[in-house]
Amino acid sequence: MRFIPLIVARPEVQMAIDEAIMQARIEGRVPDTVRLYAFSPSSVTMGRFQSIVHDVNLEEAKKLGIPVVRRITGGGSVFHDEFGEITYSVVIGEDFHPALKNVESSYRYLAGPLVDALKELGLEAGFSGLNDIIARGKKISGSAQTRRKGVILQHGTFMYSTRVDILGRVLRVSGEKLRDKGVSGIWERVTTLEREGIKLSRREAYELLKQSFSNAFPLEEGELTDYELKLAEKLIEERYGNPRWNEMR
């Protein structure tokens, strides 16, 4: 499997790269791929079918200079803090492992290295529901997925020092959703490594995850192909950098 080293970029670039890798993998141009990346500036990504008005506080996001981009994967809105969050992404054929045939088991198989990394730090961690990872009972990571022609794209967060106060300002989290989780506020629902007493830099968090994914998958460092880069440019223009895509629904 190919491993793409850390890329720090705007949200439209990151989302375009993920889809470009997926399309190139479908066409047989590239191998299964794992990558780790960070958003700059801090950004919000929305699920494919979400309402931007109902799920994001656009006024607060604009005030804070936080761009909002729609993903091709499902799931909810996510705040990606440039000062405290790393995103992982896996593009992989469904035939790589039997666990990938089932949606729930595939989430756990592909996000397993994040749980391993948390345990390596001494945290009690595990999966909750379909696509969340919890540490000491609170959400520290969430993942989203889409499938096309036998290929899976799954990406998700790793919150090592996310500013939960900013998260609460830019995302509209319904009271009903919080009640379903048995909590009254976002602070009771979400945590980070720093809030659990573990302070890591971005580089340290990156190296921790890189090692954990290397332990789980046969990774070999590589780079994006010219085909993927050109396709990503096209996707930015047509989709992720286009208000019609990001503001739909």
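## Strand pairings, turns and ring contacts

In β6, V90 is the bridge partner of V34. That pair belongs to a set of five bridges in which strand β2 (residues 33-39) and strand β6 (residues 85-93) run antiparallel. Helix α4 (residues 103-120) packs on the sheet and touches β6, β7, β8, β9 and β10. The direction of α4 makes about 140 degrees with that of β9. Please keep in mind as you read that this is a predicted model.

**The eight-stranded sheet**

Eight strands make up an open sheet with mixed pairing, and their order is β7-β8-β9-β10-β6-β2-β1-β11. At the edges stand β7 (125-128) and β11 (220-221), each of which pairs on one side only.

β7 is joined to β8 by four bridges, and the two strands run antiparallel. Within that pairing, A125 has A135 in β8 as its bridge partner. Next, strand β8 (residues 132-135) is linked to strand β9 (residues 138-148) by four bridges, again in an antiparallel arrangement. Then β9 pairs with strand β10 (residues 151-159) over six bridges, in the antiparallel sense. In this pairing T146 faces L153 of β10 as its opposite residue.

How do the side chains of a regular strand lie relative to the sheet? They alternate between its two faces.

**Hairpin turns and positive phi**

| Hairpin | Residues between the strands | Residue with positive phi | Phi |
|---|---|---|---|
| β7 and β8 | three residues | G129 | near 65 degrees |
| β8 and β9 | two residues | R136 | near 50 degrees |
| β9 and β10 | two residues | K149 | about 50 degrees |

R136 lies in the loop between β8 and β9, and its phi is a positive value in a residue other than glycine. Is R136 buried, partly exposed or exposed? R136 has a relative accessible area of 46%, so it counts as partly exposed. K149, placed in the loop between β9 and β10, is likewise a residue other than glycine with a positive phi. With a relative accessible area of 77%, K149 is exposed.

**The three-stranded sheet**

Three strands form an open sheet in the order β4-β3-β5, and the pairing is mixed. β4 (68-70) and β5 (78-80) each have a single partner strand and stand at the edges, so one side of each lacks a neighbour in the sheet. On average, and with direction ignored, neighbouring strands in this sheet are turned by 25 degrees against each other.

Strand β3 (residues 43-46) and β5 run antiparallel and are joined by three bridges. Within this pairing, S43 stands opposite H80 of β5.

The chain between β2 and β3 holds a feature to check by eye. Which two residues are joined by a cis peptide bond? The bond lies between S40 and P41, with omega at about 5 degrees. P41 sits in the loop between β2 and β3.

**Helix α1**

Now to the helix at residues 11-26. Helix α1 has 16 residues, and at 1.5 Å a residue these should span 22 Å. The end C-alpha atoms of α1 are 23 Å apart, which agrees with that expectation. Of the 16 residues of α1, 13 are buried, so the helix is largely enclosed by the rest of the structure. An α-helix has 3.6 residues a turn, so residues three or four places apart point the same way. Just after α1 comes G28, whose phi is positive at about 75 degrees.

**Rings and charges**

To finish, here are the aromatic side chains. Counting rings whose centres lie within 6.5 Å, the structure has seven aromatic pairs. One aromatic cluster is formed by Y88, F96, Y109, F213 and F217.

Charged groups also meet rings. R29 has its charged end over the ring of Y227, at 3.8 Å from the ring centre. In a further case, the charged end of R239 sits over the ring of W245, 4.6 Å from its centre.

Note on methods: Residues numbered from 1 in each chain as written. Predicted model: local features only at pLDDT ≥ 70, side-chain atom pairs only at ≥ 80, totals over all residues. Heavy atoms only, no water. Expected span 1.5 Å × (residues − 1). Buried < 20%, exposed > 50% of the residue type's maximum accessible area, 1.4 Å probe, protein only. Pairing = 2+ DSSP bridges. Axes fitted to C-alpha atoms, helices over the stretch in contact; angles between N-to-C directions. Phe/Tyr/Trp six-rings, centres within 6.5 Å; stacked < 30°, edge-to-face > 60°. Lys NZ or Arg CZ within 6 Å of the ring centre and 35° of its normal. Contact = heavy atoms within 4.5 Å.
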